[in-house]
Amino acid sequence: MSFCACRLSFLASVTMFQAAAKTLSASCQAVSFSIRHYCRKTPTKLRISEALSGAKLGENVKVQGWIRSVRRQKSNLFLHVNDGSSLQSLQIVAGSQLSDPLLTFGSAVEVTGVLKESPHQKQPFELEADQLHVAGECNPMDFPFKIKERHSLEYIRQFPHLRCRTNAFSSLLRIRSEATTAINSYFKENGFVQIHTPVITSNDCEGAGELFQVELLGSENEEGENFFSVPAFLTVSGQLHLEVMSGAFTRVYTFGPTFRAENSQSRRHLAEFYMVEAEVSFTQSLEDLTKVMEDLFKSATEHVLAHCAEDVDLFHKHVTPGHRDTLDVMMKRRFLVITYSEAIDILSRSSQKFAFPTNWGCDLQTEHEKYLVKHCGNIPVFVTDYPYDLKPFYARDNQDNPAHTAAAVDLLVPGVGELCGGSLREERLDLLRARLEEAGLDDTYSWYLDLRRFGSVPHGGFGLGFERYLQCILGVDNIKDVIPFPRFSNSCLL
Ligand code: 4AD
């Protein structure tokens, strides 16, 4: 092809391209017009929290949720609707022609209308409804919660399937969710790798025998046949699995369900709870662990206070008044450190009568822990270096005399007592083997001894009870009020 012919055919293709582009652009305009037209007609679905922030002001929107209050006037109907996205409910204003007897406290509704600035001071925005649809009826006579009544945590606990509909419990669940994010963020920002430790395990990490055994249904008929060939249990701690991983990743953590068959109805024990556990390699002293515990507590709490201010306020103002001051002191002050021996000294010199003994070698009970925290000015306090014989096989021997202690630490906090338990781990093969042999566990834990054979380093870690953490920051007295579905002896509702 000559140069001229080539140029001509190029120009022809450009012209064709331009013509095609023009047609396309024209049809695009038609399409975009029809999309815009369509948008104007279809209401945008909004979360209540979005509506309350004034998103889509003046536009046609749709919200869905549950009625928290109903007020009928001659010409108007006022509703408050909540969908769990915030503590505040959205005010709906409708003409009385939209009034329906099924619009009752607790019923589910879908509302369409225009979002407007509100003339009332209490809320900046309200929804002027043009359509109200009752999606799910609720008979207010049978519903266990009553309009405008502030029910106690104890009362709503009787209805684990419905209590998320109350202000207090929905606030609690939002805080719980945000605290989970805060804890994960803390570990991410500090170079920890998250490990999913198993729920089913063949070890009893704590050696306390508080185990739920996992068996096949009806296995008792099969002459001892066992699904796993070995006895298996629900985990009491992910620590030993974390220790495996700390031998490769230096800093690891896990955050998951943990099970203890404690026959306890106490206000701080559950049969199923969530535990945050961390394990750190190349530690030099307990201080390496206490620093992580204090930083984790303060950073997670700051995050929760910043991201759930309204929900936390509901607790601090109406459920546990006065607790905010206690929390502020905890956040401002450095946590204290005392040894177990000093703690025993304080308890022995106290004029308070304790139900349990306070001599050296006795385990600290809740009453002792609470007394120690008060004695220290209601500031969290680390108690270190417990009697060697009180601690599980993994705790590092301090090899001290005459008091024989282990490098273990508990963090005690106001109102709750023990929040965290941890220790340096026995990394020395000969000492660990001797202790396991003494307990007749050297065969069971031969894999654990291997960790001390192949690149063993000083390391340690701790576990934080997540429900106790929530109790501590909110001032909630009973652990059953900070978990969605509490499990404890003689109770497994739902
Ligand atoms: O002190 P614990 O038993 O420590 C361990 O399990 C270690 N293996 C953890 C580790 O070092 N990785 O438990 C840790 C925390 C306690 O301080 C307490 O806050 C909480 O877990 N906890 C419970 N929370 C609710 N109900 C129970 N039955 C609990 N038992 C322990």
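1. Is the crossing of α6 and α13 left-handed or right-handed? The crossing of these two helices is right-handed, a term used when the near helix is turned clockwise from the far one by less than a right angle. This is a predicted model, in which local features need pLDDT of at least 70 and side-chain atom pairs count only at pLDDT 80 or more, while totals for chains, interfaces and linings use all residues. Residues are numbered from 1 along each chain as its sequence is written, and side-chain values use heavy atoms, with hydrogens and water left out.

2. Helix α6 (residues 287-307) packs against helix α13 (residues 466-474) at an angle of about 60°, and their axes lie 12 Å apart. That angle makes α6 oblique to α13, given that angles under 35 degrees count as roughly parallel, over 145 as roughly antiparallel, 65 to 115 as roughly perpendicular and the rest as oblique.

3. From α6, the residues F297, A300, T301 and V304 meet Y469, C472 and I473 of α13, where contact means heavy atoms within 4.5 Å. These contact residues divide into six nonpolar, one polar and no charged.

4. Across the whole structure, a search finds 24 aromatic pairs (ring centres within 6.5 Å; planes under 30 degrees apart are stacked, over 60 edge-to-face and the rest tilted).

Key:
Axes are lines fitted to C-alpha atoms, for helices over the stretch in contact, and angles run from 0 to 180 degrees between N-to-C directions. Helices (H or I, at least four residues) and strands (E, at least two) are DSSP runs, numbered from the N terminus. Ala, Val, Leu, Ile, Met, Phe, Trp, Tyr, Cys and Pro count as nonpolar, Asp, Glu, Lys and Arg as charged, and the others, Gly among them, as polar. Rings of Phe, Tyr and Trp (its six-membered ring) pair if their centres lie within 6.5 Å; planes under 30 degrees apart count as stacked, over 60 as edge-to-face and the rest as tilted.
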